[in-house]
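Please look through the structure below.

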Amino acid sequence: MPPVTEIRVVPFLVSELRLPPDEQELLQREWWPSYAHAVIHREGVFLFDNGVGLGNAEVEATFSPRVTPIEDALAEHDISLADVTGAANCHLHFDHRGQNVRLRGIPIFVQRTEWAMVHEPDYTVPGWIDAPGLTYEVLDGETEVAPGLRLTPTPGHTAGHQSLVLDAPEGVVVLAGQALQSLAEWEGAIEPSASGASAARDPAYASSVQRLRSFDPVRVHFAHDPSIWQRQAGSRKG
């Protein structure tokens, strides 16, 4: 597929959770951030993830979330919710798609394996998915969702996890979601504070990471790490 001109990625913090003490110790931080990504392309804006939602008593009591409404977060980058023409969540845990309820009339793309988990006990907050007026497009595998934008299955953190791969003019850009936990993991770190491998629910975690590497990206974004991996000039897959 030839590159599409004018693809631009806008990452932004959309929510944070205060972790329980045991997870603070494991992850070596008090607050767990969620980053969304607005992908500006020639036909509109594609929104990848949207953080924690509002109004769930259990989430509020357990995690004391700090949430920026998605409209406000987009507006900080001169993007209107009306500009959004499509959306996806890397997976359906509550800290990635809690504001789907704000996306009425916008197609939201999800892998069938992930969709099957919505009503499993303790998997997510179903009320943040089942809101009236939402439109879900259930996928079976890799799918182009806009010119130059491909959702590709990357099972590992969950069985239905997906990442977004962009054919940008400068090369392939990967929005990994939680296929990896951090830039440090992309660069080889294996400790639980940096890597999600030990907590993965699907044994395909390592294979999915290798698939993302096989695209030979020039840039990689992550859902829980603001750092962005950049390929060094002159460095390519050998």
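A charge sits over a ring if NZ of Lys or CZ of Arg is within 6 Å of the ring centre and within 35 degrees of the ring normal. This is a predicted model, where local features need pLDDT of at least 70, side-chain atom pairs count only at pLDDT 80 or more, and totals for chains, interfaces and linings use all residues. Residues are numbered from 1 along each chain as its sequence is written, and side-chain values use heavy atoms, with hydrogens and water left out.

Q: The charged end of which residue sits over the ring of Trp186?
A: The charged end in question lies 4.3 Å from the centre of the Trp186 ring. It belongs to Arg213.

Q: Are Trp186 and Trp229 buried or exposed?
A: Buried means under 20% relative accessible area, exposed over 50%, and partly exposed in between (1.4 Å probe, protein chains only). By that rule, Trp186 and Trp229 are both buried.

Q: Which residue in S10 is the bridge partner of Arg150?
A: Strands (E, at least two residues) are DSSP runs, numbered from the N terminus. Two of them pair if DSSP finds at least two bridges between them. S9 (residues 149-153) and S10 pair in the antiparallel sense over 5 bridges. In S10, the partner of Arg150 is Val165.

Key. Helices (H or I, at least four residues) and strands (E, at least two) are DSSP runs, numbered from the N terminus.
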